[in-house]
Amino acid sequence: ININVVNESGETRGATWEEDQTLLDALLANQFPVLATCGGNASCATCHAYIDPEHFEASGERTEAEEDLLDMVDDVANEYSRLSCQTEYAEGLDGATVTLKPGM
Ligand code: FES
C-alpha cells in the first residue's frame, strides 16, 4: 500500500508499505530516521507516530503494552497515537497519512 509520511520537519513524502512489514519496518525501509531504540519491543516509544483520523480505525487495536507506554508519554500522545512497531499492515491504511512524532 502507499502512505504519506510527515517527518519531524513537517515535510510530507510518500512511502510504500509491504504486507509483511510493521509500520516501523516500512518507515525504516523508506529511510525515515526512526530511532526505535528498543528494537520494536513496545518499550521505548521512540517509534511513536500519529495516524490520520480517517484511517486510525484501520490501524487496529493497540496492544496492552502499547497503551501502557503511550500513557507514559501522554504529554505528546493523543487519540490517534500508535507505536509504529506495534502497527500491523492493513489494506485499509492505503492512502493514510502518518505523522512522525516531533523530535523523533
Ligand atoms: Fe520501541 Fe516501538 S520501537 S516502542
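Among contacts in the protein chain between residues at least 6 apart in sequence, 66% join residues at least 24 apart. Two residues count as in contact if their C-beta atoms, placed from the backbone, lie within 7 Å.

This is a predicted model: local features need pLDDT of at least 70, side-chain atom pairs count only at pLDDT 80 or more, and totals for chains, interfaces and linings use all residues. Residue numbers start from 1 along each chain as its sequence is written. The protein chain has a mean pLDDT of 95, and 98% of its residues reach 70 or more; pLDDT is the predictor's confidence in each residue, from 0 to 100. The scores are ipTM 0.99 and pTM 0.95.

Now the overall form. The protein chain has three helices and five strands. Along the sequence they follow the pattern β-β-α-β-α-α-β-β. Helices (H or I, at least four residues) and strands (E, at least two) are DSSP runs, numbered from the N terminus. The C-alpha atoms fill a box of roughly 30 × 25 × 25 Å along the principal axes.

Next, the interior. Buried residues make up 28% of the 104 residues in the protein chain. A residue is buried if 20 or more other C-beta atoms lie within 10 Å of its own, exposed if 12 or fewer, and partly exposed in between; the C-beta atoms are placed from the backbone. The largest nonpolar core has 21 residues, and those with the most contacts inside it are Ile3, Leu23, Leu24, Leu27, Cys47, Ala49 and Val98. Two or more residues each come from β1 (2-6), α1 (23-29), β3 (48-51), α3 (64-72) and β5 (97-100). The largest share, four residues, comes from α1. Such a core is a set of buried Ala, Val, Leu, Ile, Met, Phe, Trp, Tyr and Cys residues joined through C-beta atoms within 7 Å.

Take Leu24. Leaving aside residues up to four places away in sequence, Leu24 touches Val34, Ala36, Gly40, Cys47, Ser84 and Cys85.

Finally, the loop between α1 and β3. Gln31 lies there. Its phi is near 65°, a positive value in a residue other than glycine. Gln31 is exposed, with 9 other C-beta atoms within 10 Å. Ala42 lies in the loop between α1 and β3. Ala42 is not a glycine, yet has a positive phi of about 55°. Ala42 is partly exposed, with 19 other C-beta atoms within 10 Å.
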